[in-house]
Amino acid sequence: MLDFTNTPERRKRAAKARARKTMILMGLAIAVPAAAWAIDLQSLRLLTSG
């Protein structure tokens, strides 16, 4: 039988996993618009140079 009691260690591990997920999501939230903006600038530069 598995022990599903919420031990402090398991709580700590869960909190760490949650924090990591939040960091990844925040990183994506920043990186995606930044990448789109950079691509936008490049395409504008290509359009104006032609």
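1. Glutamate 9 and arginine 13 lie four residues apart in helix 1, and are therefore separated by about one helical turn. An α-helix has 3.6 residues a turn, so residues three or four places apart point the same way. The side chains of glutamate 9 and arginine 13 meet in a salt bridge, at 2.6 Å from N to O; the term denotes a side-chain nitrogen of Lys or Arg within 4 Å of a carboxyl oxygen of Asp or Glu. The structure holds one salt bridge.

2. This is a predicted model, in which local features need pLDDT of at least 70 and side-chain atom pairs count only at pLDDT 80 or more, while totals for chains, interfaces and linings use all residues. Residues are numbered from 1 along each chain as its sequence is written, and side-chain values use heavy atoms, with hydrogens and water left out.

3. Both partners of the pair are exposed: glutamate 9 has a relative accessible area of 52%, and arginine 13 one of 53%. Exposed means over 50% relative accessible area, buried under 20%, and partly exposed in between (1.4 Å probe, protein chains only).

4. The chain contains one helix and zero strands (DSSP runs numbered from the N terminus: helices are H or I, at least four residues; strands are E, at least two). The radius of gyration, taken over C-alpha atoms, is 21 Å, well over the 10 Å that the globule rule gives for 50 residues, so the chain is more spread out than a compact globule. That rule is 2.2 Å times the number of residues to the power 0.38.

5. Helix 1 has 42 residues and reaches 61 Å from its first C-alpha to its last, close to the 62 Å expected at 1.5 Å a residue (1.5 Å times one less than its number of residues). The count of buried residues in helix 1 is zero.

6. Ile24, Leu25, Leu28 and Val32 make a nonpolar surface patch of about 390 Å². Such patches join nonpolar side chains (Val, Leu, Ile, Met, Phe, Trp, Tyr) within 5 Å, and like charges within 9 Å, from residues with over 30% relative accessible area and no salt bridge. Leucine 25, found in helix 1, is exposed at 54%.

Conventions
Accessible areas come from the Shrake-Rupley method with a 1.4 Å probe; for residues, only the protein chains shown count as cover.
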